[in-house]
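Open your viewer and get ready to select residues by number. We will go from stop to stop, with a short note on what is there.

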Amino acid sequence: MANEQQLIKKVDGIANVLSAAGIGYTDYLTQLTYILFLKMDAEKEEFGLGSKIPEGYKWKDFCNLSGEDLVEKYEEILKELSKQTGVIGTIFTKAVNKIDRPVHLEKVIQMVKGENWYMMEGDLKGALYESILEKNGLDKKSGAGQYFTPRPLIQAIVDCVNPKIGETVADPACGTGGFLLSAYEHMKNQSHEIAKQKFLKNNTFFGADNTSLVVTMASMNLYLHDIGVDNSPIVCQDSLIDKSDRMFDVILANPPFGTRPQGSVDVSSNRPEFEKTSDNQVNFLQHIMSIVKTGGRVGIVLPDSVLTDTGATARVRRKLLDEYNLHTILKLLQAFSMHKELRLMFYSFKKELLQKKYGHTTIEQVLNIHSFKTH
């Protein structure tokens with residue numbers, strides 16, 4: 001069985017071939033995800049563990065085909081599995097084939113066929129997939145950097161917020177699932193009780209993204225780490241218009257910045273309790289403030305404009321200072337930003353019943369008390 005570096009080399013080799021044929025890394029990664037899931041399901045079935053895939057749409061039904069027969073059957077499988085429920089329906093959300101030349105599709109299938117993925121250690125296959133996601137995120141041509149937060153930054157934020165096993169953790173703009181996976185790694189050795197480990201893998205996490213291919217990647221990323229193997233904790237939705245009453249102990253996020261894309265549903269019409277603004281970052285801050293439980297903690301990356309802008313931003317900032325304990329503000333290195341024109345800050349706060357002894361707190365007081373610079 002190949003090791004991680006050998007597998008990454010194989011994956012990259014096919015990526016280079018497909019790139020020369022005009023197939024981008026993101027499209028390749030999405031198809032690899034679909035094919036890998038089908039292969040792992042077949043391996044589980046061989047071990048007598050059952051299959052989640054309907055008859056006629058399994059790995060065995062297309063892996064030995066070639067030419068147009070292969071492409072047609074593969075596309076038929078994707079169409080059918082996108083209608084399923086549970087983890088299958090999530091991973092195959094709006095699934096379509098982006099490798100339409102049989103010779104290229106065969107290369108991906110042969111690479112996946114050559115390994116026993118299900119028996120591979122979870123840490124190995126998880127690390128492999130994370131490495132592929134990271135390469136995709138760092139590839140400027142792919143445009144996927146907006147979905148990928150650098151892992152050292154994620155690790156630092158998770159360590160600061162310090163989620164505990166038994167707590168619930170959410171990321172309402174989850175991208176490829178980096179925050180959720182890092183939180184899992186942080187918590188998994190805190191207790192070896194069977195009940196707590198079961199809760200950790202099946203009930204702890206929630207992630208949302210409004211881009212189907214990103215939901216596919218995030219779901220597979222967690223699935224390969226044995227998280228949400230029956231029902232994925234990732235959903236495809238626009239968090240800013242979500243009106244569910246779910247609350248969480250810990251929120252970790254690096255939400256999208258800028259204004260809402262043209263044609264998007266107006267946030268204020270769905271969330272009338274929000275201060276009306278077109279700024280994504282302020283709307284996400286309001287959403288996160290609304291879904292964290294009393295006693296819960298938040299770690300979020302936002303532009304420094306949240307500290308200084310007037311109007312709706314100032315009113316949201318006022319609420320944050322009056323009703324939450326904003327205890328940490330840190331300026332991030334420019335290297336952590338995919339938005340080179342923005343200065344990013346890490347904010348950490350807690351929702352608690354504060355005893356206001358000194359009247360209104362100002363952002364200047366917070367910065368002065370903690371001796372953090374914003375420039």
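**Stop 1**

Select Lys39 and Glu43. Lys39 is buried, and Glu43 is buried too (under 20% relative accessible area; exposed is over 50%, partly exposed in between; 1.4 Å probe, protein chains only). Both sit in helix α2 (residues 25-46), four residues apart, about one turn of the helix. Helices here are DSSP runs of H or I with at least four residues, and strands are E runs of at least two, numbered from the N terminus. Lys39 and Glu43 form a salt bridge, with the closest N and O atoms 2.3 Å apart. The term means a side-chain nitrogen of Lys or Arg within 4 Å of a carboxyl oxygen of Asp or Glu.

Before you move on, note what you are viewing. This is a predicted model: local features need pLDDT of at least 70, side-chain atom pairs count only at pLDDT 80 or more, and totals for chains, interfaces and linings use all residues. Residues are numbered from 1 along each chain as its sequence is written, and side-chain values use heavy atoms, leaving out hydrogens and water.

**Stop 2**

Now select Asp230 and Lys52. Their salt bridge has its closest N and O atoms 2.8 Å apart. Asp230 lies in the loop between α10 (212-223) and β3 (234-236), and Lys52 in the loop between α2 and α3, so the pair ties together parts that are 178 residues apart in sequence. Asp230 is partly exposed, at 46% relative accessibility. Lys52 is partly exposed as well, at 26%.

**Stop 3: another pair, then a network**

Select Glu193 and Lys196. Their side chains meet in a salt bridge at 4.0 Å, N to O. How many salt bridges does the count come to? It comes to 14.

**Stop 4: helix α12**

Select residues 280-291, helix α12. Is α12 largely enclosed or open? Eleven of its twelve residues are buried, so α12 is largely enclosed by the rest of the structure. Among the buried ones are Phe284, His287 and Ile291.

**Stop 5: a charged patch**

Finish with Glu68, Asp69, Glu72, Glu75 and Asp100, which form a negative surface patch. Patch residues have over 30% relative accessible area and no salt bridge, with like charges joined within 9 Å. Pick out Glu72 in helix α3 (residues 67-81). Glu72 counts as exposed, at 52% relative accessibility.

Terms used: Patches are made of residues with over 30% relative accessible area and no salt bridge: like charges are joined within 9 Å, nonpolar side chains (Val, Leu, Ile, Met, Phe, Trp, Tyr) within 5 Å. Accessible areas come from the Shrake-Rupley method with a 1.4 Å probe; for residues, only the protein chains shown count as cover. Lys and Arg count as positive and Asp and Glu as negative; His and the chain ends are not counted. The place of a charge is taken as NZ of Lys, CZ of Arg, CG of Asp or CD of Glu. The expected span of a helix is 1.5 Å times one less than its number of residues.
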